[in-house]
Amino acid sequence: MADKEKRRSGATPPGMPEGNATKSDSDREFLSRAGVGELLRGAILKMVEARSDDPIGFLADHFCNLASVSETGTAGYSDVDHFSDGPLSAGAQEQQHLNRALWHLRLAHHSQRSAFSNNVRVAYDLLNLTGPLRRSGEVPQGPDVSCTDSPTEGGGGGGGVKGGLYTQTLQCLCSEGGVPASTSAPLLQRLHCQDHEAVPYDIFRHGVLTCAVFSDYIRQAQRLYAEVCCPDEGPASRALCLSVLGTLKEALETSQGCEANVCDNSNMKVNSCLEGNVKALCYLEASAKISPYRLGQAMAGAQARGPGGNMDAKEFENAAAELFITRVKVVS
Amino acid sequence: MTRVNRFNSPVPDHEYLADGDVLFYLRDAVTQLLDHQQEYTTFGLIRYFAEYFSSVKNSNHVLFREYNYIRATPHNRASFIRVFWRCYRQIGKSGDLLSTLEYRSLLQLLCPDFPLEMVQRAARIVQMEDVVDCLMSFSDFLYALQLHFYYPEFLNSMLLIYQDLLAGKSPNTVIVPTSTSIDLLRSVAAENISKEKQQQQQDGVDPSTLAQCIDALCDRFKHSHPPRSCMREVLGQTNKVYYYSFLMSLAKHESINQTIGALPSRAEFLIDPEMDQDLDKLIAQISVSPSSNSSGSAVGGLKEEHPPQEED
């Protein structure tokens, strides 16, 4: 703006302040006529909600999405008609929704609870093909979808995400998080829903959160193994690995009580502050257990007891995964 | 970037917004929009913002912009260095040596008001003396320019510290400039350049003392600086530190290069056939985009550089 005014100052001598005033007025008028304010406000609000690690990338994607939506004429997901005569096949559309939902889920780390919850909500609504955003309190006409295994028809029935889509989301989350398919398979066994089932929001959130935490956990386990094992010397000794795993197990047990509470109380906003504090305490204790000192102690103890063969990275990872997965509630 | 602390208390919104220069880009987007109201309204507003932020994300946004814009954020600085490399990599390939003024002309093709002073500082690092018409290789020059262009505030402060140490001040009394304005630092540094040139040949500075002062500077410095470990590593390799050789070692240091993230390593500096395709696409894009101020001549200039052997 300053540059423009400098350029203009040749034409409007300093004794005529109206010239400058008119210029910024006309700018303001242009901006309000074009709706720039609302456009940017909406973008900034979304950005702050999502708390992405890459705000510029987020804005680029946000505006590109907006542009393609307005250019192709699809008016969002509340338009029932476009399922029958949309230009894309149902499968391709689903894939598109899945990609966008995954993009939303990647934006914020799961430890940023409120931003992550927002993003999960947005992703859920994206995947929920059956109509406009359903908030709590609205009862769909079909079978009661608060029970998890109502066998409704996919795509047209109750107000939930298709089971198949849900499972696919979880699979993508795990693989993007760096977890090999074989390691995540047992977890997905516990979390998945049948293709024909409609998945309500709570289950969706629980599944997504569990996968996100699991990815972090597996990465941490991989790092732990790298600490314990020197690559030049071959796989790490079994005894050493077992004691590290033992420490990990203790840490999980400490935090387990809190995790269970979190899952049950996820809808009770009244307790959320209390829950936050309790969780913080648990994580502190858990991380103390897994601290280098404790680990060092465990390792020293293992070396004294003597090794019984070696354990390679894959085995370690699977064992660590098992510790985690046994704690996951099965979705029934 | 620390956006979350360990106990999940969220960073307040205004802090989050201030962290990544996002507001700067939003402001610039609106300013550009106002400067080209007619064109962009026909183009479509949403599409305009989408293109603007996509180009920022892809580091294509600095071409033909004014100097104040390209130096405004670390991302812009790195992007500009990268664009310069992409546009003129052929010079490196052909092995031509150019003078300071020639490099400056090349820079001005991409940024019309790129200052001579910045080019001279980079040249000084390469040449280790105040001779302006020495010829330099493309890679030497660009790595030196990268260092000075990306960390100007830090280098200015360091020069003052170095001069104080040379003058015999003890490290405890060396003034660590933190909030002095950049322009003031520049003018002081400029005054001392000729003094420094004489001392350069005779004296050096004790590396551990300099390291100590640099540590103190980094502790309080509001601007970005090269990673301390890299600087300590360079200082640890010598018994006496001379300012420009220190800077040249920093310029050539691979970790610093990777931290900035704009240029490939020296080994790969000239290798990249895809870049030629990208460059053609870039030129085509620029010549139709409304944001280029001098699209005709600049595009012509770029094309002329391509087979440098044919120039007379």
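Which residue lies over the face of B:Tyr69? In this predicted model, the answer is B:Arg65, found at 3.7 Å from the ring centre.

Over all chains, a search of the whole structure finds 27 aromatic pairs. One of these is made by A:Phe63 and B:Phe53, which are stacked, with 5.9 Å centre to centre and 15° between the planes. The pair joins two chains, because A:Phe63 lies in helix H4 (residues 55–72) of chain A and B:Phe53 in helix H4 (residues 45–57) of chain B. Both A:Phe63 and B:Phe53 are buried. These two rings also belong to one aromatic cluster, whose other members are B:Tyr40, B:Phe43, B:Tyr48, B:Phe49 and B:Tyr52.

A further pair brings together B:Tyr143 and B:Phe269. Their ring centres are 5.2 Å apart and their planes stand at 40°, so the pair is tilted. Distant parts of the chain are linked here: B:Tyr143 is in helix H9 of chain B, while B:Phe269 is in the loop between helix H15 (254–260) and helix H16 (273–288), 126 residues apart. Are these two residues buried or exposed? B:Tyr143 has a relative accessible area of 2% and is therefore buried, and B:Phe269, with a relative accessible area of 3%, is buried as well.

Helix H9 (residues 138–150) of chain B also holds B:Leu145. With a relative accessible area of 0%, B:Leu145 is buried. Which residues does B:Leu145 touch, not counting those up to four places away in sequence? They are B:Ile81, B:Leu107, B:Phe114, B:Met118, B:Ala122 and B:Tyr150. The chain also brings B:Arg121 towards this part of the picture: the C-alpha atoms of B:Leu145 and B:Arg121 are separated by 7.9 Å, with the two residues 24 residues apart along the chain.

One of the contacts of B:Leu145, namely B:Leu107, leads on to helix H7 (residues 100–110) of chain B. The buried residues of this helix are B:Thr100, B:Tyr103, B:Leu106, B:Leu107 and B:Leu110. Why can they be placed on the same side of H7(B)? They cover an arc of only 125° around the axis, and so they share that side.

Technical notes. Residues numbered from 1 in each chain as written. Chains lettered and ligands numbered in written order. Predicted model: local features only at pLDDT ≥ 70, side-chain atom pairs only at ≥ 80, totals over all residues. Heavy atoms only, no water. Buried < 20%, exposed > 50% of the residue type's maximum accessible area, 1.4 Å probe, protein only. Helix = DSSP H or I, 4+ residues; strand = E, 2+ residues; numbered from the N terminus. Arc of directions from axis to C-beta. Contact = heavy atoms within 4.5 Å. Phe/Tyr/Trp six-rings, centres within 6.5 Å; stacked < 30°, edge-to-face > 60°. Lys NZ or Arg CZ within 6 Å of the ring centre and 35° of its normal.
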